[in-house]
Amino acid sequence: MAEEKKNKALDIKKEDAEKLDIPENIPVLVLRDIVVFPYMIVPLYVGRVKSKRAIDNALNGDRMILLLTQKDATVENPKEDEMYRMGTVALIVRMLKLPDGRMRVLAQGISRAKVKVINDNGKLRVAKINIIEDKESKRLSIKDKAIIKNVREKFEQTAKLGKQIPNEIFVIAENIKEPGKLADIIASNLDLKLESSQEILNEERSIPRLSKVYDFLNYELELLNIQNQINLKAQGEMDKNQREYFLRQQLAAIKKELGENDENEGEINNYKTRLSEIEVPKEAKKEINKNIDKLKKMHPESAESTVVRNYLDWMLDIPWEASTVDNLDLIHAKGILDADHYGLDKVKQRILEYLSVRKLTSKATGPILCFVGPPGVGKTSLGRSIARALNKKFVRVSLGGVHDEAEIRGHRRTYIGALPGKIIQEIKKAGSNNPVFMMDEVDKIGSDFRGDPSSALLEVLDPEQNDTFTDHYLGVSFDLSKVLFITTANLLEPIQPAFRDRMEIIHIHGYTEEEKIEIARKHLIPRQIKSNGLSRKLISFSTRAIRNIIGLYTREAGVRNLEREIGSVCRKVAHKVATGEKKLFKITDKNLEEYTGPPKLFRDQLLEEDMVGVATGMAWTPYGGDILFVETKLIPGKGKLILTGSLGKVMQESATAALSFIKSRSSELGIDEEKFEKYDIHIHFPEGGIPKDGPSAGVALTTALTSLFCNKKVDRKVSMTGEITLRGKVLPVGGIKEKVLAAKRAGIKKIILPEKNKKDLSDINEIYLKGIEFVFVRDIEVAVAEAMK
């Protein structure tokens, strides 16, 4: 039951109350947080079951009920000893049932009553009571009259000092002559605590009761006087247009009156303690102390103090001098790099070189490495392995799509919501000033009216400047020279030249098929077996199955799609195991399609026989190497050159150069010159949906055209690559490793390469070179002769 502490006092005549016949046994309504005095009329909200029964019982009788207050408002079903013994008999004037099941009762206090005993049958409380009547003297002493007068005056003063009391109450109080009744009416209009109200109700004698009310009035007046003094003090310092300032001054005046200490003091001491526990450069320490002093003078709830607190938290959380100890054990580092990544020997060697230099010198400045390569080749995971090998913390931030310079250098503190840039944020997250810091996608950084982030990174990635890197938010320099920065990019061309100049570029072109097989065996298959709840006893992959997944279901430089396909196979096996088929599932090239479906791609196969006008070339793609066929035909016409197969400009020029060279050497080659005028030459590269470009098809084009005009077959097991000149010289090309491995997979037995590419074979494991004859040429005539033997 909830009671509403809004009440009224009525000028009930004493003789009217005496005419009411109050029964000795009366139902009890227990109140939680209000004391009702005689002569009060008060609305009550009744919700408890026993209380509602008491109301019903009273309404069925003489409408009288005893109002008792419980000692603890939290008790739901108070016992007799948990209620005060003195209460008020009230008359129920009105009752209204509410939609939520509660009752709203309007009750009028009649007389004090003291409880003899309460009978509680579990459904209803009925009390046996004694009526307590005020014993008024027929003649009041001068002292009694003085108390009555003082009480009335004090009561009026409370209204003058701001106490909200209805005017009719003052009229009633002025006309009451009985001290007991006056005490009850005034007590009902004071904001007294429950215990104080009950203390007044318990007092049976009129004059002592009025004296208690007089004491409470004095206390109330003292509080109101202090409040007014505080208001006056705050008023004198108030800016009329700043209500918020006025409220703060009021609060300050209250604190001063109560003698409380500045609440900022504990926070200030905390900042000073934190500063004393960390190592901070002099410049930063000076700035921190300056802001601590500034915070001390600010109001704790002002907007600016929040800005200063955030700044101090950042300054004290940044690892200015906290470093991790580098692990310079070269054998340990090599073991981790080899365990985490297969291949990538050049990258691993560069990391070991860095460790060697660190071991021999005390210089902590690290190189700025930039890994450039297609997606999925392990650039980011390589950074993690480097951090693990060096025992450094690893943090990573992606710069793709970043346009705002403030993302790097931070926002100035004048802006709302300002924060340090990504560099300082990640350094704080790492908890050390020498982590491995990887910046992904530096080739996708944008620039607009908000600045150029690439230019901001120039200072970050310059070993000669980054020891004094200044973030706009911090306003002091931070030493980044101990950080090992690693950047990644898919393409080198979009990177700003000045930015590119600050980095050591390491190309990761992708993995060959053989490397992918090893990566699948050592890393991908074990990881997918574990993640799908399987074991080596339930699934195995043959080498041919892995090779077919690589060649027939994926086309990529990295191994992401390869891992997805392996994961797909493992999930299907997991489903079979979960349905009860617990055995070893062997995945081979013969049953692979049961798990992966039909092939998504098709490998180029060698020609079935040697042919005239068709030569086998080799191509490099971002996904590895491949072989391609150059097909040529003579068509009656006027010597026009027709090129098809989605050829780029450079490849078209190679075809034109090859034809011009053959025309210039027609007599040496024994070619009838009339063919050049009577026939159109059609050159076609199959798989026309795939764009092709580059100069490396020059040798294959020349060989195919020579075969066509001389009517000699080209050996189908010979492949070739190289750029040609009009003088008939063969120039070196790139991607030799990928091209040679692709040729071996296709079954090529002889490979013709430019002489200057001989050195590139050292990058290929000798195992993959067995069974292939290599011919290195300077002149195109030698290449043509080797292909048409």
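Is Lys729 buried, partly exposed or exposed? In this predicted model, Lys729 counts as partly exposed, at 33% relative accessibility. The legends below begin with this residue and its partner.

**Figure 1. Salt bridge between Lys729 and Asp779.** The side chains of Lys729 and Asp779 meet in a salt bridge, with 2.8 Å from N to O. Lys729 belongs to the loop between strand S24 (723-724) and strand S25 (730-731), and Asp779 to the loop between S27 and helix H28 (780-787), so the pair ties together parts that are 50 residues apart in sequence. The relative accessible area of Asp779 is 25%, which makes this residue partly exposed.

**Figure 2. Salt bridge between Arg388 and Asp340.** An N to O distance of 2.8 Å joins the side chains of Arg388 and Asp340 in a salt bridge. Because Arg388 lies in helix H14 (residues 379-390) and Asp340 in helix H12 (residues 330-340), the pair ties together parts that are 48 residues apart in sequence. Arg388 is partly exposed at 47% relative accessibility, and Asp340 is also partly exposed, at 25%.

**Figure 3. Salt bridge between Arg102 and Asp100.** The closest N and O atoms of Arg102 and Asp100 are 2.9 Å apart, and the two residues form a salt bridge. Arg102 counts as partly exposed, with a relative accessibility of 30%. The model holds 36 salt bridges by the rule applied here.

**Figure 4. Strand S26 and its two neighbours.** Strand S26 (residues 750-754) is mostly covered, as five of its five residues are buried. Lys750, Ile752 and Pro754 point one way from the strand, while Ile751 and Leu753 point the other way. S26 pairs with strand S23 (residues 718-720) in the parallel sense over three bridges, and in this pairing Ser719 stands opposite Ile751. S26 also pairs with strand S27 (residues 773-777), again in the parallel sense, over five bridges. Here Ile752 is the residue opposite Val775 of S27.

**Figure 5. Thr721 and its contact with Lys739.** Thr721 has its place in the loop between S23 and S24. Its relative accessible area is 0%, and Thr721 is therefore buried. The side chain of Thr721 makes a polar contact of 3.1 Å with the side chain of Lys739.

**Figure 6. The second largest pocket.** The volume of the second largest pocket is about 890 Å³. Its lining is made of 31 residues, and those nearest the centre are Asp345, Lys346, Glu515, Lys737 and Asp763. Helix H13 (345-360), strand S14 (504-507) and helix H27 (736-746) are the elements that give two or more residues to this lining. H13 gives the most, with four residues. By residue type, the lining of the second largest pocket divides into eleven nonpolar, eleven polar and nine charged residues.

**Figure 7. Helix H5.** Helix H5 (residues 179-187) is mostly covered, with nine of its nine residues buried. Among the buried residues of H5 are the charged residues Lys181 and Asp184.

Figure 8. Tyr39 has a phi near 70 degrees, a positive value in a residue other than glycine. Tyr39 is found in the loop between strand S2 (25-31) and strand S3 (40-46). With a relative accessible area of 9%, Tyr39 falls under the 20% limit and so is buried. Asn711 is not a glycine either, and its phi is positive at about 60 degrees. The loop that holds Asn711 runs between helix H26 (698-710) and strand S22 (713-714). At 58% relative accessibility, Asn711 is over the 50% limit and therefore counts as exposed.

How values were computed: Residues are numbered from 1 along each chain as its sequence is written. This is a predicted model: local features need pLDDT of at least 70, side-chain atom pairs count only at pLDDT 80 or more; totals for chains, interfaces and linings use all residues. Side-chain values use heavy atoms; hydrogens and water are left out. On a 1 Å grid over the protein atoms alone, a cavity is a set of points where a 1.4 Å probe fits but cannot get out, and a pocket is an open set with protein on both sides within 12 Å along at least five of seven lines; lining residues have an atom within 4 Å of a point. Grid points are joined across faces, edges and corners, and a volume is the space filled by probe spheres set on the points. Buried means under 20% relative accessible area, exposed over 50%, partly exposed in between (1.4 Å probe, protein chains only). Two strands pair if DSSP finds at least two bridges between them. A salt bridge is a side-chain nitrogen of Lys or Arg within 4 Å of a carboxyl oxygen of Asp or Glu. A polar contact is a pair of N or O atoms within 3.5 Å; within protein, one must be able to donate a hydrogen and the other to accept it, and residues adjacent in sequence count only if both atoms are side-chain atoms.
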